[in-house]
Amino acid sequence: MAESPFKADIERVEKEYSEKMTPGAIVYLPGSSVINKTGSWRVFMPEFHKDKCVRCYLCYVYCPEPAIYLDEENYPVFDYDYCKGCGVCANECPTKAIVMVREKK
Amino acid sequence: MPIKKVMKANEAAAWAAKLAKPKVIAAFPITPSTLVPEKISEFIADGELDAEFIKVESEHSAISACVGASAAGVRTFTATASQGLALMHEILFIAAGMRLPIVIAVGNRSLSAPINIWNDWQDSISERDTGWIQFYAENNQEALDLIIAAYKAAEDERVLLPAMVGFDAFILTHTVEPVEIPDQEVVDEFLGEYVPKHAYVDPKRPITQGSLGFPAHYMETRYKVWEAMENAREVIKEVFDKFEKTFGRRYHIIEEYKTDDAEIVLVTMGSLAGTVKEFVDKKREEGVKIGAAKITVYRPFPIEEIRALAKKTKVLALLEKDISFSVGGAVFADTSRALINEKEKPIILDFILGLGGRDVTFQNLEEVVDIAKKALEEGVKEEVYWIGLRKEIL
Amino acid sequence: MAVRKPPITTREYWAPGHAACAGCGCAIALKLATKAFSEAMEEKYGDPNAFAIAQATGCMEVVSAVFPYTAWKVPWVHVAFENAAAAASGIDAAWKKLGYKGKILAIGGDGGTADIGIQALSGMLERWHNVVYLMYDNEAYMNTGIQRSSSTPYGAWTTTSPPGKYSIGEDKPKKWVALIAAAHQIPYAATASIGNPFDFVKKMKKAAKVDGPAFVQVHCTCPTGWKSPLEKSVEIARLAIETGIWPLFEIENGDFHNIKIQSPGGGAKVKREGGKVVAIEFKKPVEEYLKLQGRFKHLFKQPEAIQVMKEQIKAMWKVLGVDVILP
């Protein structure tokens with residue numbers, strides 16, 4: 001299974017995240033926003049149909065979060081911890097390999 | 001060996017900057033401070049100072065560039081006055097909040113309107129709540145020395161706050177006096193290199209500076225600035241001690257002059273202290289028990305020192321070149337805060353004078369003493385007096 | 001089937017968990033800009049991380065750096081609204097003295113760039129700092145709740161340009177900061193769009209690699225402020241290019257006689273003379289772009305306003321030396 005490029009950040013933030021005041025409110029943990037699981041915002045979720053995917057990378061290029069990364073074969077992996085469900089990936093997918101479906105909660 | 005040169009306070013400030021070796025300087029011309037960046041340009045042109053001088057398009061960008069450079073972890077310097085400092089106002093808060101020990105030389109000048117290029121302290125006094133340490137120099141030597149001391153205090157890890165050093169427009173900025181220039185090696189030894197542990201812009205250690213503080217965190221950041229300013233009290237004393245050991249000149253948070261048996265103490269700042277001390281000598285010869293006190297460090301406000309001074313005297317007469325409308329001078333408000341809960345305290349009177357370059361004469365000071373005496377004998381009728389006002393043209 | 005390599009580095013400098021709205025076009029721009037910068041720095045200095053960001057107050061600042069967390073994985077400094085270019089100047093100067101190799105990326109929205117920050121921007125460009133200024137142009141003050149800026153296009157609804165009995169919405173044409181930046185005769189100024197991400201990445205890389213200042217103005221959909229469907233953020237930006245609303249161009253060294261115009265696509269016919277684009281006949285009507293956005297909804301009741309807009313678009317292209325025909 002492919003790993004999120006933010007795996008190290010997620011592990012680090014779980015260990016080191018602190019509200020302790022720093023001089024000038026400087027944030028010393030790069031990428032620590034990963035603590036916010038923005039997937040909870042989602043109303044529609046992208047459903048991926050690998051059989052239709054031509055690995056054009058457009059979804060990967062466009063995702064604003066980014067909540068799409070690539071697996072070992074360069075297929076997109078959807079990170080539902082962060083995907084806000086905007087649907088840009090599905091809208092731009094030239095082969096309709098991504099379909100937005102109502103979130104099952 | 002230190003050398004003596006005859007120079008203006010602006011040149012002394014440029015020399016101080018040269019000796020402190022800031023890596024980045026950003027400045028914009030403004031009367032009466034323009035000579036500072038001019039002199040620095042000469043130093044750089046002659047290869048005597050190795051710094052990046054950013055010739056910015058405004059004071060707002062001058063301080064913003066200093067914030068950027070200081071955030072990147074280097075020593076920075078700028079000089080300004082009056083409207084220029086006022087234009088920096090927004091970023092002054094940010095420099096303090098981001099805990100960046102930038103140093104500004106301020107040629108203390110009035111604020112418009114009407115536009116006026118001459119001396120008073122309204123510019124830097126108006127910045128007293130920004131979180132900057134403030135020093136006021138009495139003469140050109142002090143301008144040089146206090147800038148070097150300012151770096152030492154500002155960069156101390158217990159402090160990490162920016163600092164401004166004020167010296168009076170024209171009275172000092174454009175007046176020549178002999179100034180001793182310390183040896184570079186001695187200054188190097190005194191200041192050391194600035195290598196901050198907290199702030200840097202280094203791709204190897206990516207950090208985020210200038211974050212957004214929600215209500216859950218903002219107040220603590222302000223408290224941290226308060227704490228740093230409190231720490232600055234002790235740090236500045238240490239710096240002044242070390243300064244004396246290193247350079248042989250003694251500085252005090254408040255410098256007292258003939259205060260031990262004084263019934264009236266004239267408290268002031270900047271170059272006016274010189275005039276006041278002379279006046280005290282004259283009155284002493286006449287048998288009047290008066291003294292003087294000069295506030296060298298205005299932020300952090302010297303609360304303990306004011307209390308100690310208050311114990312010695314019956315009237316504190318504050319001579320101020322600034323005004324907070326409907327209240328009086330800023331030093332008056334601050335002094336009142338220092339003494340408000342003291343069981344015994346002297347009468348505190350506030351005298352607004354010398355605004356926009358109005359001369360402060362011995363005759364003005366006689367008037368101050370007369371009012372102080374009268375208050376002592378008959379009780380306080382008014383707290384705030386405008387001295388030297390041309391009532392005939394009002 | 002042979003698989004192509006990913007078209008852009010998989011290194012990440014913009015982490016998820018930031019608070020940008022779903023479908024935010026500016027977030028797409030920042031993600032791509034940092035990736036492009038990384039590639040450029042790797043190619044130029046052998047170090048993909050040799051850059052830092054100075055960012056103006058605005059949407060992308062408040063969503064990305066909320067104490068005690070940050071979305072940034074690159075050194076990042078925010079000072080205030082109007083001074084990203086000045087702060088970047090300071091960092092650039094400090095890096096020179098520290099001997100760091102690399103480039104500073106200054107980022108501001110259209111308000112922080114076209115309006116309150118234009119003085120600091122002009123100063124930075126004129127002083128020839130080694131800074132790329134990226135203006136993410138979502139065409140209004142979105143962070144404060146959608147007020148018009150000088151970059152708001154003609155006809156657009158904003159909270160301070162509401163259409164009404166005596167108003168068609170914003171009544172001034174858009175100010176093109178890329179042209180103002182180019183007039184400083186800086187090595188590189190360009191417009192780009194998230195609607196053509198590969199062109200944007202190419203331009204960011206070019207900007208990052210020049211010695212001295214560069215400026216890129218990137219069109220970014222704001223679904224919140226434009227009242228547009230979230231999933232259409234890229235499609236709308238693409239339609240802006242295809243209908244002639246958003247020109248893609250590059251100006252090097254302030255050479256206005258040799259503006260490089262990128263083909264808009266969308267079936268537009270491009271006429272070249274001596275390699276230069278001199279005329280474009282667009283095939284997609286601007287209405288296709290307008291109708292997807294609530295901010296232009298009222299214009300469909302006032303078709304004469306759309307005609308005014310079309311005349312302005314033609315005039316803007318004329319400045320670029322291109323005669324256009326709009327359907």
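Predicted model: local features only at pLDDT ≥ 70, side-chain atom pairs only at ≥ 80, totals over all residues.
The C-alpha trace of chain A extends over about 50 × 30 × 20 Å along its principal axes. Of the 105 residues in chain A, 47% are buried. Among the contacts in chain A with a separation of 6 or more, 62% are between residues 24 or more positions apart.

Chain A also touches chain B. To this contact chain A gives eight residues, while chain B gives 16 residues. On the chain A side, seven of the residues are nonpolar and one is polar, with no charged residues.

Chain B itself is assigned two domains: domain 1 covers residues 3-247, and domain 2 covers residues 254-393. Taken over C-alpha atoms, the centres of these two domains of chain B are 28 Å apart. Where the domains meet, 28 residues come from domain 1 of chain B and 19 residues from domain 2 of chain B. On the domain 1 side of this contact, the elements that provide two or more residues are helix H5 (122-125), strand S6 (133-136), strand S7 (163-168) and helix H8 (215-247) of chain B. H8(B) supplies the largest share of that side, with five residues. By class, the side of domain 1 of chain B that touches domain 2 of chain B comprises 14 nonpolar, eight polar and six charged residues.

Strands of a sheet pair through backbone hydrogen bonds, in either a parallel or an antiparallel manner. The sheet in question is open, has nine strands and shows mixed pairing; its order is S9(B)-S4(C)-S1(C)-S5(C)-S6(C)-S10(C)-S9(C)-S11(C)-S12(C). Its edge strands are strand S9 (208-209) of chain B and strand S12 (260-261) of chain C, each of which pairs on one side only.

Strand S5 (residues 103-109) of chain C and strand S6 (residues 131-137) of chain C run parallel and are joined by six bridges. C:Leu105 has C:Val132 as its bridge partner in S6(C).

Definitions and conventions
Residues numbered from 1 in each chain as written. Chains lettered and ligands numbered in written order. Contact = placed C-beta atoms within 7 Å. Nonpolar A, V, L, I, M, F, W, Y, C, P; charged D, E, K, R; others polar. Domains from an automatic or database assignment. Helix = DSSP H or I, 4+ residues; strand = E, 2+ residues; numbered from the N terminus. Buried ≥ 20, exposed ≤ 12 C-beta atoms within 10 Å, placed from the backbone. Pairing = 2+ DSSP bridges.
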